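Please examine the sequence and the model before reading the solutions.

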Amino acid sequence: MFKAKLILRMSVIKQEYIGGKCMLKKIALLLFISFFALGAPLNVSAHAVLLDASPKEGSQLKQMPGKVSLTFNERLGEGVFNLQVRNDKGKLITTKKATMNRTHKTISLDVPPSQKGIYTVSYSVISVDSHPVQGTYVFSIGEKIDQAITNDNSNQDESGKQSSFYNIGFSLVQTFYYLALLWLVGFVLWKWYVPYQSGQQKQKYKTNVRYLQTGYIIFLLISIGVQSTALLKDANLSQIKTFVIHSATGWSWLTCILLACVGFPFLLKNKWLDFIWVGLLLVATTLNGHAIASDVPVYTIILDFMHLVTASLWTAGLVYLFMIWRKEREQALAFLPIFSRIAFVSLILLILSGVLYTLKLLPDITALFKTTWGLLLLAKIFMVMLVGGVGILIREHLRKNDSPGLTYKVFNV
């Protein structure tokens, strides 16, 4: 009888070990997929584009117009923008500063009457969602400019390569920054709902949050450094001051840094203070992105906020499960039912907010298949579907193999 019980017990332990190992692999797979589906931002090919120029590129005029103006499809950031006109000798025809209209979509420069010749317009602006945009084109007064157009196009190609290099580097930095943000926010929110099995586990959780706070502020500063290098490289002190104080991006930088510092002495002591801190941090984060650039920024900011909250709950919950599954199985099993319920609702809200957000920013449905941004968005949608599929597999695994009540009954036969 004793031998039979021993064999049965060894069989249960072996089955539980195999099931736990399989479960850990599924959690790791889900975490890996979530890294790309929820953590990687889509920053490419979604920035201000020049819609109209006066004079137009390549135009041949009889006399110099009184004003050169450029109109973009999105609002531009305040402070750092530049518009210059040079003659065929490379000399500025005016030292006046460009101005921006009330809609923040058009910049213009008053120019004096000038002689016949070929003139080059150069501009650099920052879209309100923090993308540097620059370019050059030529027009002429009383002369043909075929060769000049050819030379100008080659210059634009070189600028495009630099822009692509910046986008790749910036996207990598932003991916790690957003992962640090999502994990920190998620851990702060989950702190008040994790059923800790001991005071030691609770203290360990707080220590992990401190590490996440440190990681977040490091990646935040790196992200700001990379952005500011591209956005403010040719700006003078006055322009930098105006940009930081008056632009949405500047406000986002200052607020996120302040909240990151304030978080060290005040976080994890009061639930409602933590919720307020998370809310302020995520709102500040949305000010430095595509949401602020839409025609109805309040609507897109709310959707972006919802997207960040749900993504943080999902990813941070998975990270926590992955961390404790091997060594603290009871704690993991106690947390799983709570995570499963909230993660399911979070995934639904994540998809809903993502769809509504995309429909608002998308110019037309064909852009999904014709632009890099659209193709990456489709890849992200596929990844989210994989997240949901693997999540369903984990739920089924738990239902069949990881019931604590069943294990308890077998051990007490």
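**Exercise 1: The cavity**

The lining of the largest cavity divides into six nonpolar, six polar and no charged residues (Ala, Val, Leu, Ile, Met, Phe, Trp, Tyr, Cys and Pro count as nonpolar, Asp, Glu, Lys and Arg as charged, the others, Gly among them, as polar). The model is predicted: local features need pLDDT of at least 70 and side-chain atom pairs pLDDT 80 or more, while totals for chains, interfaces and linings use all residues. Residues are numbered from 1 along each chain as its sequence is written, and side-chain values use heavy atoms, without hydrogens and water.

Task: State which helix gives the largest share of the lining of the largest cavity.

Solution. 
1. The largest cavity has a volume of about 80 Å³.
2. Its lining includes Gln-174, Tyr-177, Leu-220, Ser-223, Trp-253 and Asn-288.
3. Helices H2 (146–190), H3 (199–231) and H5 each supply at least two lining residues.
4. The largest share, four residues, comes from H3.

**Exercise 2: The helix pair**

Task: Describe how H4 (residues 237–246) and H5 (residues 248–266) pack.

Solution. 
1. Two packed helices are described by the angle between their axes and the distance between the axes.
2. For H4 and H5 the angle is about 75 degrees, and the axes lie 5 Å apart.
3. H4 is therefore roughly perpendicular to H5 (65 to 115 degrees).
4. Contact (heavy atoms within 4.5 Å) involves Phe-243, Val-244, Ile-245 and His-246 of H4, and residues of H5 including Trp-251, Trp-253 and Leu-254.
5. By class, this contact has seven nonpolar, three polar and no charged residues.

Technical notes:
Axes are lines fitted to C-alpha atoms, for helices over the stretch in contact, and angles run from 0 to 180 degrees between N-to-C directions. Angles under 35 degrees count as roughly parallel, over 145 as roughly antiparallel, 65 to 115 as roughly perpendicular and the rest as oblique. On a 1 Å grid over the protein atoms alone, a cavity is a set of points where a 1.4 Å probe fits but cannot get out, and a pocket is an open set with protein on both sides within 12 Å along at least five of seven lines; lining residues have an atom within 4 Å of a point. Grid points are joined across faces, edges and corners, and a volume is the space filled by probe spheres set on the points.
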